[in-house]
Every structure is written in structure tokens, then in C-alpha cells.
Amino acid sequence: MAATRSFCRPFASAILRFHLNTTTIGAQTRCFADEPKDKKDLIKSKDKEITEPPHIHAAPGEYQDIKKIFKEQCEGLITGKSELRTSDAYHYLKESDIVIVGGGALGLATAYWLKVRNPLAFHVTVVEQDPCYKQAATTLSVGGIRQQFSLPENIMLSMFTAQFLREIKDHLSVMDFDPPDIQFNPQGYLFLATEAGKEILHENNKIQKNCGAKVQLMNQAALKEKFPWMKSDDICYGSYGLENEGWFDPWLYVAALKTKLASFGVQFVQGEVVGFRKQKKLTRHAHRTIIEMVNVRLPDQSIFPIKIAKVVNCAGPWSGKVAEMAGIGCRSEDSSSLIVPVPVEPRKRYVYMFHCPDGPGFDMPFLVDPSGVYVRREGLGGHYLCGRSPVDDRSEPSTQDLEVDHDYFDEHVWPVLAQRVPAFERLKVKSAWGGYYDYNYFDQNLIIGNHPYFDNFYMATGCSGHGIQQSAGIGRAMAELIMDEEFKTIDLSRFSFDRILEDKPYPERNII
Ligand SMILES: Cc1cc2nc3c(=O)[nH]c(=O)nc-3n(C[C@H](O)[C@H](O)[C@H](O)COP(=O)(O)OP(=O)(O)OC[C@H]3O[C@@H](n4cnc5c(N)ncnc54)[C@H](O)[C@@H]3O)c2cc1C
């Protein structure tokens with residue numbers, strides 16, 4: 001990674017001062033999972049009113065320097081090319097108001113929305129152990145986005161992110177760089193239901209429509225007419241997305257976010273967070289514990305401590321492990337809330353790319369079979385991507401490495417594909433990869449907010465396979481929690497860590 005320097009005030013510690021001098025407890029309103037809310041309860045202000053990204057102004061004379069450094073940074077950030085350097089060589093700052101652990105979609109989006117609020121007021125650092133993203137869920141995902149969920153929160157997060165992606169040039173363009181193009185392919189998802197799944201499909205459809213999603217229920221006859229290449233004799237209904245659905249290139253999305261963040265003066269630290277230093281603090285209400293330092297192991301193996309005001313755990317599949325470093329999920333005499341772990345772990349999923357020149361081609365929706373097998377077009381040359389999550393916990397593959405099990409395709413994916421789309425009997429697998437879901441084994445949903453034991457340890461994680469498509473909404477929500485101490489736009493309080501402490505799952509039914 002190229003040397004990363006800040007363009008804004010080096011340690012404009014508005015938040016840090018706020019944090020150290022005040023006695024605020026817990027940035028998040030506690031709320032427990034209860035009756036589903038509908039859209040009007042959840043939307044706190046109009047999503048359409050997106051804050052315009054502010055522009056950074058350089059002092060006269062500084063511009064040429066800034067431009068040069070910035071170009072260097074961005075090239076390094078995007079290519080992931082890095083030389084081994086020490087913290088001094090990198091000029092990393094030893095203090096940062098907010099440190100984000102993990103530079104995947106959720107971490108980057110959080111940094112973006114924090115900076116949009118006020119690019120000069122405070123300093124944001126993103127710590128990423130692997131700038132090449134060899135194992136990150138974001139870059140190994142299939143980049144799908146859909147409105148078709150069962151929980152209003154998930155529907156609205158995706159709808160907002162779709163709007164953000166439509167307007168991505170307004171949000172992420174940077175002077176002297178081409179405007180971002182994430183290769184968005186608009187295409188509806190088609191969820192199929194047999195007699196057994198018919199009722200749930202209808203219930204979900206109602207919730208989706210209440211949230212303003214454009215989704216069409218199609219009976220068997222309508223499906224046969226619109227998708228004649230598909231066998232639908234066992235299908236009662238299909239739910240087809242008419243708007244805000246499709247897929248995009250995750251790499252281009254990450255690159256666009258990183259470029260914008262570099263222009264905002266966000267510090268990128270290449271290193272692994274290996275621990276936290278805690279401190280007890282007397283507040284107006286009680287003794288509280290805060291995280292004081294984030295310890296980062298740099299590529300040269302030195303430990304680089306960063307003094308912080310707030311830390312956000314966006315470590316994706318590894319966020320359970322990162323939380324453990326703060327004592328969450330460990331036996332503790334201090335607090336029973338520390339015993340409960342952040343229930344997120346890596347779970348391996350395979351994606352297979354196949355070629356089938358006689359396939360449905362351009363007509364192909366993002367098809368989700370009742371069995372859980374999914375398939376979508378990849379480009380226009382007769383290629384497709386497909387996969388399937390294991391049917392139960394016992395069938396989960398080992399997470400030791402990202403090796404692909406090709407027998408899994410032959411036994412569990414291909415038979416379903418060939419049965420559903422007869423042309424796929426003649427497909428040829430061309431390549432495949434494995435990636436880790438950021439799997440929340442409690443209820444397969446986002447966990448967002450601060451940990452009740454700490455004043456300043458936040459997390460956004462656990463989407464279990466639907467995080468990239470919600471990243472803009474999640475990042476905005478996290479910035480609201482940090483800056484405003486409450487959700488201002490979409491109320492995500494039912495996704496707080498409290499539900500885990502209370503043992504009240506808030507499950508999403510449409511997990512792929
Ligand atoms: C095969 C597959 C297909 C998917 N398809 C879709 C899809 O179609 N649509 C969708 O919305 N979602 C999809 N997902 C899920 C989606 O990719 C994730 O929900 C989302 O990308 C999570 O983003 P993240 O930033 O939380 O995690 P990540 O992208 O994993 O980022 C976390 C980062 O944290 C870093 N990190 C971890 N520990 C540390 C540490 N100690 N110190 C420093 N850095 C650390 C990691 O290196 C990593 O880069 C898919 C996932 C997979 C695996």
C-alpha cells in the first residue's frame with residue numbers, strides 16, 4: 001500500500017474530546033425484537049434526502065502536492081500493491097477519533113458516511129489486514145442486490161443501497177479520476193415457491209409492498225408464459241422483482257469507495273488488529289469501561305497502538321474473533337454481558353461459473369429455486385454463476401481453507417439446475433471459487449450498534465450473505481449512531497446486540 005497521509009487536520013479530535021470529557025453512556029437506544037414494524041415506523045426521515053458529499057478544499061499552494069500524494073495513494077489502494085514499510089515510513093497517525101476494523105464493504109461504507117457528515121471534523125482510520133482482499137466476503141461475493149426479504153429493515157436497507165448505487169457518480173466521484181462505474185446489471189430476482197412455500201412467499205410479498213418495493217407475484221401460467229425455458233410444473237408462484245434488483249462488480253465498488261475515502265483524508269492502515277487496551281472510567285452514572293487503544297500488527301510484525309475515541313468492528317466473517325479480543329464472548333467477573341459472544345463466524349460457500357450457450361441468456365432473472373440453488377447470468381457470452389448454501393449445520397464444509405468441492409456441484413447443484421432449466425443439462429463448469437459468509441449463527445441477520453458493556457465499541461456485522469447489497473444503508477446507520485446517538489433514517493434498533501443478550505432471534509426468512 002502506498003504511504004497514507006491525512007489531508008485534513010491531523011488529529012482534529014472533536015469526537016475524542018467529546019468522548020473523554022463527557023459522561024455519555026451507550027450510544028444506542030435499547031430496543032428488543034418484538035412485533036414486525038412496517039415501513040412508516042422504520043423510516044425516520046426521507047431516504048431521498050441524501051446528504052450531498054461535501055468537497056475538500058485545499059489551501060492555495062497545497063493542491064499540487066495533495067494531488068500527487070493522492071494519486072499515489074489511490075493507485076496503491078486500488079491495486080493492493082504494497083511494500084513492507086514501518087509505521088514511521090507510512091506516517092500513520094498514532095491517534096484517530098474513529099478506527100474501523102476491516103476495510104470490506106461495511107467498513108468502507110461506514111467510513112464514507114462518517115466523512116460525508118463532516119470531512120474535516122474528525123479523523124477516521126480503516127485498518128485492513130489484507131489490501132488484496134484475498135478472503136474478504138465483499139470481493140468474493142456475487143454482488144447481488146434485491147428488495148425481496150422478509151424483514152422491513154432488510155428491504156429498506158437494500159432499497160436505500162440501490163438508490164445509492166444508482167447515484168454512485170454523485171456520491172463517489174473524485175476530481176481527476178473517471179467517475180465510478182460498478183457495472184450494475186439491472187435484473188429482477190425470481191423467487192420460486194412450491195405449494196409448501198406459497199404462503200410465506202405471499203406474506204413476504206405483502207411486507208415488501210408495504211415497504212414500497214416493486215415486486216410482482218406470478219402464478220404458474222404467468223411464469224410459463226414469461227419464462228418458457230424454465231420448467232415450472234411443481235411451482236405455484238414466483239415473486240419477481242421489478243425494480244432495485246440486479247448485481248454489480250464488488251471490486252469496482254470497493255475501489256470507488258476507497259478512492260473517495262482517500263480524497264476525504266481517511267487513513268488506511270495495512271495491518272491486523274490483534275488486541276485492544278481497555279480502561280475503566282468514572283462517568284456520571286457509573287464506572288464504565290472504554291476501549292482506549294487499538295493494537296495493530298503491521299506487515300513488519302511491529303505492534304502499532306492507535307489511541308482512539310471509538311472503534312467499529314466491521315471484520316466481516318472474523319468479527320466474532322475481533323470481538324473476543326475485547327473480551328466479548330469470554331468469561332468475565334466484570335459483566336455477564338461479556339460472556340455472550342458476537343455470534344459471527346466464517347462459513348464457506350462455493351460459487352461455480354459455467355458456460356451454456358443454449359441457456360436463457362438475457363432473459364434470465366436472478367433465479368432462486370425452492371431448494372435454495374441460485375443462478376444468474378454473468379456477462380452476455382452464455383456464462384452463469386450459481387451456488388447453494390448447505391441444507392443444515394451438519395453439512396457445513398470445513399473453513400480451514402477456501403478450496404472448492406467440485407463434487408458438491410455435481411451432487412447438490414447441477415441436478416437442480418438441470419431439472420429447472422433443461423438447457424443447463426449441457427452446461428460446462430469453467431471455474432469456481434470459495435468465499436466466507438459473514439455468518440450470524442444466532443439469526444442470520446445484521447448486528448449493528450454498540451456493545452452494552454463498552455461505551456465506545458461498535459459493530460456492524462453478521463449479514464450472512466446479504467451484506468454488500470445493504471452496505472450503503474448500514475454505513476449510514478452506523479454513522480448516525482456514532483454522530484447522533486440514534487438511528488435517524490431507518491430504525492435498525494431491532495438489529496442491536498441486545499437481542500442476542502436477550503436470546504430473542506429476529507430471523508430473516510429469505511436467506512440464500
Ligand atoms: C460466495 C459469496 C457470495 C455472496 N453473495 C452476496 C450477494 O450476492 N449479495 C450480497 O449482498 N452479499 C453477498 N455476500 C455477502 C457479502 O459479501 C457480505 O455480507 C459483505 O461483503 C460483508 O462485508 P464486510 O465488510 O462485513 O466483510 P468483509 O468483506 O469480509 O470485510 C471484512 C474485512 O475485515 C478484515 N479483517 C478481519 N479481521 C481483521 C483484523 N483482525 N484486523 C484487520 N482487518 C481484519 C478482512 O481482511 C476483511 O477484508 C456473499 C458472500 C459470499 C462469500
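A: Two strands count as paired if DSSP finds at least two bridges between them. Please keep in mind that this model is predicted. Here Lys 281 stands opposite Arg 288 in strand 11.

Q: How many bridges join strand 10 to strand 11, and do they run parallel or antiparallel?

A: Ten bridges link strand 10 with strand 11, residues 287-297, and the two run antiparallel. Strand 11 is also joined to strand 12 (residues 303-313), by five bridges and again in antiparallel fashion.

Q: At what angle do helix 7 and helix 14 pack?

A: One compares the directions of the two axes; angles of 65 to 115 degrees count as roughly perpendicular. Helix 7 (residues 152-166) and helix 14 (residues 471-484) pack at about 105°, their axes 6 Å apart, and therefore helix 7 is roughly perpendicular to helix 14. By class, their contact has five nonpolar, three polar and no charged residues.

Q: Which residues come nearest the ligand?

A: Among the 41 residues around the ligand, the nearest are Gly 102, Gly 104, Gly 316, Gly 435 and Gly 467. The shell comprises 20 nonpolar, 16 polar and five charged residues. Strand 17 gives the largest share, four residues. Domain 1 and domain 2 each contribute at least three residues to the shell.

Terms used:
Residues numbered from 1 in each chain as written. Predicted model: local features only at pLDDT ≥ 70, side-chain atom pairs only at ≥ 80, totals over all residues. Axes fitted to C-alpha atoms, helices over the stretch in contact; angles between N-to-C directions. Parallel < 35°, antiparallel > 145°, perpendicular 65-115°, else oblique. Nonpolar A, V, L, I, M, F, W, Y, C, P; charged D, E, K, R; others polar. Near = placed C-beta within 6 Å. Domains from an automatic or database assignment.
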